[in-house]
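Subject: Structure handover

Hello,

Here is the structure I said I would pass on. Please open it alongside this note. My findings follow below.

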Amino acid sequence: MVLGSEESVLANLEAIFQLQSVLRQMESDLGLDGLSANEKSILLAVHNLAETNGPIVESFQMRRHILLEKVAQASFHRALRSLVDKGYLKKAGETKTKAYSLGEKLIEPPVNSRI
């Protein structure tokens, strides 16, 4: 495996650092900084799937999403349950399959950001 010149590697590391810094600030601004990596991945997958398939997302669709394909099943279900408990996701009706949509905690702006 060839990484490139030292200068190129250092430039790439700096770019990754800058991207992660911006990402952390955005997560903080949205109140997501207290969530686990799996919880964040589920939220992003639900958002992405809802953009293309409509607001209701079934758990089997989430499990197939690229952001969640390496998450163990037990960890996935633990994080999913936690997101529902915290209000980031809500169960969508009484369907035979497990379906979810974004919860009020994401849709409603934080109290301190309202005008």
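How much space lies in the largest pocket? About 350 Å³. Bear in mind that this is a predicted model.

The pocket first. The lining of the largest pocket is made of 14 residues. Leu30, Leu32, Lys40, Leu43 and Leu44 lie nearest the centre of that pocket. By class, the lining has ten nonpolar residues, two polar and two charged. Two helices, α1 (6-29) and α2 (37-53), each supply at least two of the lining residues. The biggest share comes from α2, which gives six.

Next, the packing of α2. This helix packs against helix α4 (residues 73-86) at an angle of about 75°, and the two axes are 9 Å apart. Angles of 65 to 115 degrees count as roughly perpendicular, so α2 is roughly perpendicular to α4. On the α2 side, the contact is made by Asn38, Glu39, Ile42 and Leu43. On the α4 side, Ser75, Phe76, Ala79, Leu80, Ser82, Leu83 and Lys86 take part. The residues of this contact divide into six nonpolar, three polar and two charged. Note Leu43: it belongs to the α2 side of the contact and is also among the residues nearest the pocket centre.

Last, one residue to look at. Ser59 lies in helix α3 (residues 59-64). Is Ser59 buried or exposed? Its relative accessibility is 15%, so Ser59 counts as buried; the cut-off for buried is under 20%. Leaving aside residues up to four places away in sequence, Ser59 touches Phe76, Leu80, Lys98 and Tyr100.

Best wishes

Note on methods:
Residues are numbered from 1 along each chain as its sequence is written. This is a predicted model: local features need pLDDT of at least 70, side-chain atom pairs count only at pLDDT 80 or more; totals for chains, interfaces and linings use all residues. Side-chain values use heavy atoms; hydrogens and water are left out. On a 1 Å grid over the protein atoms alone, a cavity is a set of points where a 1.4 Å probe fits but cannot get out, and a pocket is an open set with protein on both sides within 12 Å along at least five of seven lines; lining residues have an atom within 4 Å of a point. Grid points are joined across faces, edges and corners, and a volume is the space filled by probe spheres set on the points. Helices (H or I, at least four residues) and strands (E, at least two) are DSSP runs, numbered from the N terminus. Ala, Val, Leu, Ile, Met, Phe, Trp, Tyr, Cys and Pro count as nonpolar, Asp, Glu, Lys and Arg as charged, and the others, Gly among them, as polar. Axes are lines fitted to C-alpha atoms, for helices over the stretch in contact, and angles run from 0 to 180 degrees between N-to-C directions. Angles under 35 degrees count as roughly parallel, over 145 as roughly antiparallel, 65 to 115 as roughly perpendicular and the rest as oblique. Contact means heavy atoms within 4.5 Å. Buried means under 20% relative accessible area, exposed over 50%, partly exposed in between (1.4 Å probe, protein chains only).
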